[in-house]
Amino acid sequence: MSLAGYVLGLADDALVLAQRTSEWTARAPTLEEDVALANIALDLLGQARYLLTYAGAEEGAGRDEDALAYRRPSSEFRNVHLVELPNGDFGRTIARLLVFSAYRYELLTRLADSADPTLAAVAAKGVKEVAYHRDHAAQWTVRLGAGTTESRRRMGAGLADVWPYTPELFTEESAALVAAGVAVDPVSLSEPWLAFVSGVLTSAGLVVPDVAAAPGGGRRGVHTDAMGPLLDELQSLHRAHPGAVW
Amino acid sequence: MDFDALLAADARIEPRDRMPDGYRRTLIRQIAQHAHSEIIGMQPEGDWITRAPSLRRKAILLAKVQDEAGHGLYLYSAAETLGVDRADLLDLLHSGRQRYSSIFNYPALGWADVGTIGWLVDGAAIVNQVPICRCSYGPYARAMVRICKEESFHQRQGFELLLTLAHGTAGQRAMAQDAVDRWWWPSLMMFGPPDEESPNTAQSMAWGIKRHSNDELRQRFVDMTVPQAEVLGLTLPDRDLSFDGEHWRYGEIDWAEFRAVLRGDGPCNAERIARRRAAHDDGAWVREAADAYAAKGVA
């Protein structure tokens, strides 16, 4: 895989989850949570913008952040399936945020030491943001897990919904870039990730779901049926006015 | 100092000061209505976040709508200093017993509406709200200082969005003009009924809650906005608009429309409240869980 391809994976994970998270606007359970979810979406969007710009520059075909966000078909998006899944209820949203931000935290922590100075800088900034996302998700997981019978049921159901999509996060993808010290080996993230997540689940009185892995394929451009409608919504206005400046 | 002496000295009334019941009731109603307007106001623009045509615009809009949630929080907190509870105020909103600004009962039909809301609706809100920074009630006045700074930023962002469209393709210019045509008159209505039909103004002025009459503020907004429309190269849908050497005089406002929207018969009244209630109801289990968890911590 090329460096541009690797960076696109990092960018698309952030962009697609920013898009999903922003769907919560004016729909959150409390006003404080409206503010928090908007903040998380903004952080992820910011990460996506740096990374898309960098991927475009590395690719060298003159594509900027908007060309990459708005004018690629689904088959060229390299995000994992986990981020494209519909939000579901607040329990599933939090479950996804917990497993994703715990993964991204481990990833960016190591990427901050990348031999590629741009990636290292973006990661060093992003890890501070993702640390807050992870903390926010962990606190809600515990509150919902230990709150009421209903919240415990919903939090458990949300975890079971997203868990099959977690093995894809740790799939080997870019051996040459890892060997060059540019990319992080995703396989190496699995253990510290599981240690953190299972610690949170224990505090919440929940257990790691026993469910089979979903097939994955997002990094290769193979997506779930949730991806088409998500991109339609993201891209339609931009695509309706070719050549326009916004 | 007692209440009247504080008012006479143009000093601030604080939560622990004695105040007339009518003053307290008026403030609770006004601050709550203002808070409700902020959170209902998240809907028309918020619906464009997922469709924003560039990532820069998406980030700007997301941040703006987040600011509105923040304004709602400051204002509910200011209302709570008067002895009411946010949850009760939300119930009053959901059951239709308290209002929010009627402007949000108009739909945001296109992307240019996002810029137009920023330019005209936030512009009108600023004209209404800057004098509230000098409101006699301290917590409200202080909340408004921060809100006005953010609103003024939003207004300039909206103007810049429209300016970009106005200098864009024919389709973008048409989109901008269409949105301005739809939002101009409703934005004039944001200042409330004409002075002769505004029965509460005199008392609110005596209490230092209100500093200028509805018509004064409306005129200030028109005078400020007409030259901005010229810079944008967009027209305002009023053939009677003319400069008399001092002010821009405007045509007759359709007060029947104003009253209809206020009564609940605007284009989106039902939709806005239904969406707000659905979010509240869908989130009930989350709030109950948070309360239950907090109670366990105390025990």
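Let's start in chain B, where B:Asp10 sits in the loop between α1 (3–8) and α2; helices here are DSSP runs of H or I with at least four residues, numbered from the N terminus. The phi of B:Asp10 is near 55°, a positive value in a residue other than glycine. With a relative accessible area of 44%, B:Asp10 is partly exposed; buried means under 20%, exposed over 50%, and partly exposed in between, using a 1.4 Å probe and protein chains only.

Before going on, a word on the conventions: this is a predicted model, in which local features need pLDDT of at least 70 and side-chain atom pairs count only at pLDDT 80 or more, while totals for chains, interfaces and linings use all residues. Residues are numbered from 1 along each chain as its sequence is written, chains are lettered from A and ligands numbered from 1 in the order in which they are written, and side-chain values use heavy atoms, leaving out hydrogens and water.

Chain A has a positive phi to show you as well. A:Ala26 is not a glycine, yet its phi is about 65°. This residue lies in the loop between α1 (3–22) and α2 (31–59) of chain A, and A:Ala26 counts as buried at 7% relative accessibility.

Back in chain B, follow the chain into its helices. Two packed helices are described by the angle between their axes and the distance between the axes. Helix α2 (residues 21–40) of chain B packs against helix α4 (residues 55–80) of chain B at an angle of about 160°, with the axes 8 Å apart; the axes are lines fitted to C-alpha atoms over the stretch in contact, and angles run from 0 to 180 degrees between N-to-C directions. That angle makes α2(B) roughly antiparallel to α4(B) (under 35 degrees is roughly parallel, over 145 roughly antiparallel, 65 to 115 roughly perpendicular, and the rest oblique). The crossing of α2(B) and α4(B) is left-handed, a word used if the near helix is turned anticlockwise from the far one by less than a right angle, with clockwise giving right-handed. On the α2(B) side, the residues that meet α4(B) include B:Ile31, B:His34 and B:Ile39, and their partners in α4(B) include B:His71, B:Leu75 and B:Tyr76. The contact residues divide into seven nonpolar, four polar and two charged, where Ala, Val, Leu, Ile, Met, Phe, Trp, Tyr, Cys and Pro count as nonpolar, Asp, Glu, Lys and Arg as charged, and the others, Gly among them, as polar.

What about helix α5 (residues 86–94) of chain B and helix α12 (residues 269–282) of chain B? These pack at about 140°, with their axes 10 Å apart. That makes α5(B) oblique to α12(B), and this crossing is left-handed. Here B:Leu90, B:Asp91, B:Leu93 and B:His94 in α5(B) meet B:Ile273, B:Arg276, B:Arg277 and B:His280 in α12(B). The contact of α5(B) with α12(B) divides into three nonpolar, two polar and three charged residues.

Move on to the loop between α5 and α6 (111–129) of chain B and you will find B:Ser102. B:Ser102 is buried, at a relative accessible area of 13%. Leaving aside neighbours within four places in sequence, B:Ser102 is in contact (heavy atoms within 4.5 Å) with B:Val261 and B:Leu262.

Now for the aromatic rings. Over all chains, the whole structure holds 14 aromatic pairs; rings of Phe, Tyr and Trp (its six-membered ring) pair if their centres lie within 6.5 Å, and planes under 30 degrees apart count as stacked, over 60 as edge-to-face and the rest as tilted. B:Trp119 and B:Phe159 form an edge-to-face pair, 6.4 Å centre to centre with 65° between the planes. B:Trp119 lies in helix α6 of chain B and B:Phe159 in helix α7 (residues 138–166) of chain B, so the pair ties together parts that are 40 residues apart in sequence. B:Trp119 is buried, at 1% relative accessible area.The rings of B:Trp184 and B:Phe221 have centres 6.0 Å apart and planes at 20°, so this pair is stacked. B:Trp184 belongs to helix α8 (residues 170–189) of chain B and B:Phe221 to helix α10 (residues 214–232) of chain B, so the pair joins parts that are 37 residues apart in sequence. B:Trp184 is buried at 0% relative accessibility, and B:Phe221 is buried with a relative accessible area of 0%. In chain A, ring pairs link A:Phe100, A:Tyr103, A:Trp163, A:Phe170 and A:Trp193 into a cluster.

Note on methods: Helix = DSSP H or I, 4+ residues; strand = E, 2+ residues; numbered from the N terminus.
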